[in-house]
There are 2 protein chains.
Amino acid sequence: MKKRYITIKDIAKAANVSINTVSRALNNKPDINAKTKEKVLKIAEELGYVKNITASSLRNRKSKTIGVIFKDITNPFFVEVLKGIEKATKENDYSLILMDIEKDYELEKKAIQIMAEKRVDGILISPVRKEKKKFNKIMNLNIPYVIIGDHFEEMNADEIYANDLKGGYLATKHLIERGRKKIVFLNVKNHNFVSQSRLQGYKKALKEAKIRINNKIIFDIKEDVNDAYKKILEILENGLSFDSIFCFNDILAYGAIKALREKGIEIPKEIMVVGYDDIIYSSIIDLTTIRIPKFELGYKAFHILFDKMNHKVNKRTKIVLDVELIERKTT
Amino acid sequence: MKKRYITIKDIAKAANVSINTVSRALNNKPDINAKTKEKVLKIAEELGYVKNITASSLRNRKSKTIGVIFKDITNPFFVEVLKGIEKATKENDYSLILMDIEKDYELEKKAIQIMAEKRVDGILISPVRKEKKKFNKIMNLNIPYVIIGDHFEEMNADEIYANDLKGGYLATKHLIERGRKKIVFLNVKNHNFVSQSRLQGYKKALKEAKIRINNKIIFDIKEDVNDAYKKILEILENGLSFDSIFCFNDILAYGAIKALREKGIEIPKEIMVVGYDDIIYSSIIDLTTIRIPKFELGYKAFHILFDKMNHKVNKRTKIVLDVELIERKTT
DNA sequence: TTGTAGGCGTTATCAC
DNA sequence: GTGATAACGCCTACAA
């Protein structure tokens, strides 16, 4: 026994005016008598009118809604980015439809489809697909979109991402400056631009210090805390010789630290650990890491999209955010 | 130069049929010739038709969208709940509009308003308001809703929450069994049902063990990691005598642990720590804690709402989820 | 200053 | 089996 929503028609009848007088009153349009307006608003209030945005979206051909498609919602990195998006969205009277695609290709495609059906005005996406062509194919709608936290070479898309080459470089250089030479790099399998850049930064720092790059201490694992834990346990048991670990992200670093602690290895004395992202718990664990301005990433991403949605820019925007080393107690 | 979306009208014209033959084809309705259907679908595909859900929502009077209103999106507790909601939502072909109300009364009100304007079919909310009357007032719309992770005495609403009395009891009893008697309780200021239940559980365990309840070692702080850190530092410096800490949640426990470590206090030998929620990082930190089935909380919440939205139930549903003690190395 | 009419894209009803 | 038509609720020309 759900009550029907009140419509402007109901208000019009109650106020004895036409429906568009009501519309004018509700939308603060000019060309309306102050008293009429007052009366209409009062009646609307009394009847408990709630505007139907669905209907106005249809009429206006815009939904004031953006779609947010994330690879992995459980990673605090994305949550902090989301926070930035959410803030900007709210400030500009937009809403946000969220979909987690769990690093799954099919879900990514489906998510984009759903966003299109919902007629979102724009999309913010951290894509799973790495190949330009494939991504282009699924994104072949006329919805403006901005890629978050990733970069596609040669692809003419709007993007905002971090300077990961610099990040990898800073992290590695920091370990070298602390006297470390056998630096394990715990990278992720998924060879996208991000992991490649961090790897390049790592290599750059080693070269600069004239340390030979040893591919045997570079590991590609799943982006998962337990996999990191297991991998470090494994190399420890295999007797691999190393003096520090640079991890693709903080989550992997947590796993690594857990393994080291279990084996009674002293951090940073015996093994140093550097993470990446600086998610909120890293300050508690006192993890040295590379900080990406996550809130800003989300916040700015919305604004790039906003300008596109409102045709304020034509050319592509590519923003590379600066990163910084946060020194804590694991190094 | 945004291309217009293709409509069923366009398809009708191209296929030389009427618009509702198109509609029948697209929606798998009976009463359509197999060949006609095939032709129509082919043309729809060719033209790149994307259904306008906005329009069908208007027509059908349902949006297949739910609103999710969270107190605080940065708390991993909610992220895990969200994950459960997201999963159930996807499985049932619903979408989800998310709003973070940042523990703010005004935002809570506004969020509900926006959800109503968007004509969501239902709302999942972790409310900020604690008084039944006030909450009722803002929720006085005819949208079905389910309260997540909280309970209002005497209020006839659908709810799903954890057995926090048991949780508080288990945590405290565990510390007592480990020989601790001076158990600091780091609770949150915000006196809602959840914090009160955990406090009751704490008191129940103490009474059972015939330990005098000492209000001087029960603290109400802001639900914030740094506040927990500062509070523990403060009581340590004041020379307060205690042998363990039970924290309202894991985040507070992280702050407490950081303070203890900084002061060179051994955990668990000198001071034991128990948290609450069992968020993902707690297993890394090896924090003893009370586990709430978070994913399940979200997943089931959707299903309660689903049944309400589809009028499958009339009476109120109240689900109390069981909790369990997870023993790790801080006790 | 106010009202009438038509349309946004879809679906349901009713003829044919 | 298929098509014309109206309706969902709102907004915008245009007319009065």
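The model is predicted.

**The sheet of chain B**

Four strands of chain B form an open sheet in the order β7-β6-β8-β9, and their pairing is parallel. The edge positions are held by β7 (218-221) and β9 (272-274) of chain B; each has a single partner strand, so one side of each is left without a neighbour in the sheet. From one strand to the next the twist averages 20°. Within this sheet, β6 (residues 183-188) and β8 (residues 244-247) of chain B are joined in the parallel sense over four bridges. B:Leu186 is placed opposite B:Cys247 of β8(B). Across β6, β8 and β9 of chain B lies helix α11 (residues 250-262) of chain B, which runs at about 155° to β8(B).

**Around DNA strand C**

There are 27 residues around DNA strand C, and those that come nearest are A:Ser18, A:Asn33, B:Thr7, B:Asn52 and B:Ala55. Both chains contribute helices to this surface: α2 (19-26) and α4 (53-60) of chain A, and α1 (8-15), α2 (19-26) and α4 (53-60) of chain B, each supply at least two residues. The most comes from α4(B), which gives five residues.

**Helix α2 of chain B**

Helix α2(B), one of the elements that supply the surface near DNA strand C, has B:Thr21, B:Val22 and B:Ala25 as its buried residues. These cover an arc of only 100° around the axis and therefore sit on the same side of α2(B). An α-helix has 3.6 residues a turn, so residues three or four places apart point the same way. The cover over the buried residues of α2(B) includes α1 and α3 (34-47) of chain B. After α2(B) comes B:Asn28, with a positive phi near 55°.

**Contact between chains A and B**

In the contact between the protein chains, 34 residues of chain A meet 34 residues of chain B. On the side of chain A that touches chain B, two or more residues come from each of α4, α5 (76-91), β2 (95-100), α6 (105-117) and α11 (250-262) of chain A.

Definitions and conventions: Residues are numbered from 1 along each chain as its sequence is written. Chains are lettered from A and ligands numbered from 1 in the order in which they are written. This is a predicted model: local features need pLDDT of at least 70, side-chain atom pairs count only at pLDDT 80 or more; totals for chains, interfaces and linings use all residues. Two strands pair if DSSP finds at least two bridges between them. Axes are lines fitted to C-alpha atoms, for helices over the stretch in contact, and angles run from 0 to 180 degrees between N-to-C directions. Two residues are in contact if their C-beta atoms, placed from the backbone, lie within 7 Å. A residue is near a molecule or strand if its C-beta atom, placed from the backbone, lies within 6 Å of it. A residue is buried if 20 or more other C-beta atoms lie within 10 Å of its own, exposed if 12 or fewer, and partly exposed in between; C-beta atoms are placed from the backbone. The arc is that of the directions from the helix axis to the C-beta atoms.
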